[in-house]
Amino acid sequence: MFDLAGRVAIVTGGSRGIGRAVSVSLAEAGAHVLVNYRSNEDAANETVRLIGQAGGTGETLGFDVAEPESVDVAVKEAAKRHGRLDILVNNAGISIDQLLLRVTAKDLEMTWATNVNGAVFCAKACIRPMMRAKWGRIINISSVVAESGNAGQVVYSASKAALLGITRTLAREYASRGITVNAVAPGFIETDMTADLPDAAKQGIMDQTPLGRIGRPEEVAAAVVFLASEEASYITGQVVRVNGGMHV
């Protein structure tokens, strides 16, 4: 297992799904994990309980990634409290699926505020303690649809594609400070977002996936833990695709 002992990590949207799996896996590797949530504190507390059950340590950290002032205050207080901040996983995201002709300005505004602006606000807030330490890991959770596209997801796919541009640009900006910036692009994963899909839709997804199944959150989390580790210190500006071969 990769050793993250002594590291402090923030996982945005860590209360469920991929964020919960990432939080638990980082903690299992030794990091103290700050589980961010916007409104569902009970779910975030459940993630912290699972972290403890796995032998790790963690705590909740409530703020809305789309509100820059809230992000700044929460991150500054967390960095001061722990004396460091080493890892940021930008996982918080929303999906409002509509065909183009039904997309509203509000759909675009809400998706961009969380998926794109939120990632930028969090990276900006976390970069200062990372620069002081001359070590840091920023990992952005994108999506297979950022590269492949998907009918009915023009807004979501655009927001996740934007994360790839952010990843590559920040990788160039902060490599000299010992900070790596990478993205993980999951395919279709067993989460709340996919749980309500009709069986026919799930079968269609599996038919498009060479490995023939839907992925597990823990498989995405494993890629995140690797990118957060010392073993990935020569990897930056890259996209790790965890999609079962759906897009290659």
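Select residues 68-82 to begin: at 1.5 Å a residue, the 15 residues of helix α3 should span 21 Å, and its end C-alpha atoms are 21 Å apart, which agrees. The expected span is 1.5 Å times one less than the number of residues; helices (H or I, at least four residues) and strands (E, at least two) are DSSP runs, numbered from the N terminus.

This is a predicted model, in which local features need pLDDT of at least 70 and side-chain atom pairs count only at pLDDT 80 or more, while totals for chains, interfaces and linings use all residues. Residues are numbered from 1 along each chain as its sequence is written, and side-chain values use heavy atoms, leaving out hydrogens and water.

Next, highlight V71, A74, V75, A78 and A79, the buried residues of α3. Buried means under 20% relative accessible area, exposed over 50%, and partly exposed in between (1.4 Å probe, protein chains only). Seen down the axis of α3, these buried residues fall within an arc of 125° (directions from the helix axis to the C-beta atoms), so they line one face of the helix. They pack against β1 (8-11), β2 (32-37), β3 (57-62) and α4 (105-133); contact means heavy atoms within 4.5 Å.

Turn to the face of α3 directed away from its buried side, where E69, K76 and K80 are exposed. Just after α3, select G83, which has a positive phi of about 75°.

Finally, move to E219 in helix α9 (residues 217-228). E219 counts as partly exposed because its relative accessibility is 24%. Beyond its neighbours within four places in sequence, E219 contacts R213 and V242.
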